[in-house]
Amino acid sequence: MPRSSERRRAAALLLGFALAVAGANAAAAALSGPESEARSFVQQTIDTVLGILRNGKIPLEEKKSRVESIAYERFDFELMSRLVLARNWQKFSDKQKRDFVDAFKKHLSATYRDTLNTFRDETIQIGSSRLEKNEDVTVMTIVTGSTDTTSVDYRMRKGDHGWRGIDVIIEGVSLVQNFRSQAQEIVSNEGPDGLIKKLRAKQMTSPHKKKA
Amino acid sequence: MKLRSAARLLSLAALALFSVACASSAPPNPADPWQPMNRPVFQFNEGVDRFVLRPVSRGWTFITFEGLRDSVAKFFYNTAFPSRFVSNVGQAEGQQAITEVARFLINTTVGVAGFFDPATRWGLPRRDEDVGQMFGRWGIPPGPFWMVPLLGPSDPRDFVGTVFDTALSPLTWFVPGAGVVGAVNSRARADERIEAARRSSLDFYVFVRDAFFQYRASAVGNSESLSDYGSGVYYEGARDELYEVDDGKGGKDAPK
């Protein structure tokens, strides 16, 4: 029965291949549960976003809105707002807190939309990751452009709705830390309302006028 | 002669700014003790950027193409080799020092005076290093934030580092005016990022200050000790604390 033995060999080959793949996956999973979860979440997000950006059929504004809605789903803006305000959070009334979260969310996504203007077919690779003391996971990525590489790390936290980004660290500069410094300075000089006002004013003055 | 006129311009600018600084009365900030002096200098630098550097760099962008600007940047990066070499040796990074020598030899010859970077493709990636980082590795603290007229964000340690970097560059001694081309070229390449930062920041001065300190801390290579930067008040402790939600019970919440 030559045919059946051939088939068996083929089956064995397939099985061997499947095992090898499983082995590779297991090696990746050996990173620890949360780490590999966060990594695949980031990987999936990057794939989705790049898929949109590289799709020549979608007009730029449409791309931006799609990417924006992904950002809305995948970052925890309320937590980021609290981390940005730090001790100042307690100085805010409930209404001010809501206003700040809302304005901050709009501001960040407008900023994010803005950066898409400069996208030029960069590639993004996930590098190492780190399980933090408080069980957050930092996933490091390398963005490679025509000449330069930029390190972009995502700090991820698992909450009720699964994994969410809580910070973006570009070349060692944390966005949360950077906004915290700015917020600290503004709140101590102008109070919570001053900060909210500044955030809202920024949205008024940052239309997408620059395209050059 | 060049240096002297630059020095005269600097001292003139410093004088003008000093008088402005005295007039303003910002509240003292422990994280940024020199802020009353830094802010006016920052305004001055912003003005220089808006009316001189940015227009010139946009003109440069107009008459060149991206590949050329990338190559010019690579050329300047290549000429900064001595400073990277010295810094690596000073940090006992023997392997990296050798890599730098190899990169320099390859890129200066095969890479046509450094305009191209074949070394990276051949498995010798670039790694930024400068004298300020070496000082940092030695444990020298940066000191207060310092906005230097025309040069931009710095601190006493990194300013001294920059003086050494400049002195170690052959261009400084053999090609007068090269620095201006380098500055215009890097300003042109960073244009989109700078404008994005201006639009997204609530207080561009604080944005620059914070980004500078964070970047330098991570460049020195011990981002664990972010709290060492500035006065320590600035960063409110180590980076882990950045991600703790403050629940109002006197600072730190959940015990570790």
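Student: How many bridges pair strand 3 of chain A with strand 4 of chain A, and in which sense, parallel or antiparallel?
Tutor: They pair in the antiparallel sense over 8 bridges. Strands pair if DSSP finds at least two bridges between them. Helices (H or I, at least four residues) and strands (E, at least two) are DSSP runs, numbered from the N terminus.

Student: What kind of source is this, and how is it numbered?
Tutor: This is a predicted model, where local features need pLDDT of at least 70, side-chain atom pairs count only at pLDDT 80 or more, and totals for chains, interfaces and linings use all residues. Residues are numbered from 1 along each chain as its sequence is written, while chains are lettered from A and ligands numbered from 1 in the order in which they are written.

Student: Back to those two strands. What sits between strand 3 and strand 4 of chain A?
Tutor: 2 residues, and the two strands form a hairpin. As for one bridge, Arg155(A) has Asp167(A) in strand 4 of chain A as its partner.

Student: What is the strand order in the sheet of chain A?
Tutor: The order is 1-2-3-4-5, in an open sheet of 5 strands with antiparallel pairing. Strand 1 (123–131) and strand 5 (173–174) of chain A stand at the edges with a single partner strand each, so one side of each has no neighbour in the sheet.

Student: How many bridges hold strand 5 of chain A to strand 4 of chain A?
Tutor: 2 bridges, in the antiparallel sense. Ile169(A) has Ser174(A) in strand 5 of chain A as its bridge partner. In the hairpin of strands 4 and 5 of chain A, with 2 residues between the strands, Glu171(A) takes a positive phi near 50 degrees.

Student: What is phi at Glu135(A)?
Tutor: Glu135(A) has a positive phi of about 75 degrees, though it is not a glycine. Glu135(A) is in the loop between strand 1 and strand 2 of chain A.

Student: Is Glu135(A) buried or exposed?
Tutor: Exposed, with 9 other C-beta atoms within 10 Å. A residue is buried if 20 or more other C-beta atoms lie within 10 Å of its own, exposed if 12 or fewer, and partly exposed in between, with C-beta atoms placed from the backbone.

Student: And in chain B, what is phi at Ala92(B)?
Tutor: Near 60 degrees, a positive value in a residue other than glycine. Ala92(B) lies in the loop between helix 4 (81–90) and helix 5 (94–109) of chain B. Ala92(B) counts as exposed, with 10 C-beta neighbours inside 10 Å.

Student: New topic. Which residues touch the most other members of the largest nonpolar core?
Tutor: Leu83(A), Val84(A) and Met156(A), in a core of 32 residues. Such a core is a set of buried Ala, Val, Leu, Ile, Met, Phe, Trp, Tyr and Cys residues joined through C-beta atoms within 7 Å.

Student: Which element gives the most to this core?
Tutor: Helix 6 of chain A, with 8 residues.

Student: What does Val84(A) contact beyond its neighbours within four places in sequence?
Tutor: Phe104(A), Val176(A), Phe179(A), Arg180(A) and Ala183(A). Contact here puts the C-beta atoms, placed from the backbone, within 7 Å.

Student: How many residues does each chain give to the contact between chains A and B?
Tutor: 33 from chain A and 25 from chain B. On the side of chain A that touches chain B, the largest share, 10 residues, comes from helix 6 of chain A.

Student: At what angle do helix 2 and helix 10 of chain B cross?
Tutor: Roughly 80 degrees, and the axes of helix 2 (residues 35–63) and helix 10 (residues 178–189) of chain B come within 8 Å. Axes are lines fitted to C-alpha atoms, for helices over the stretch in contact, and angles run from 0 to 180 degrees between N-to-C directions.

Student: How far apart are Phe44(B) and Pro149(B)?
Tutor: 105 residues in sequence and 7.4 Å in space, C-alpha to C-alpha. Phe44(B) lies in helix 2 of chain B.

How values were computed: Two residues are in contact if their C-beta atoms, placed from the backbone, lie within 7 Å.
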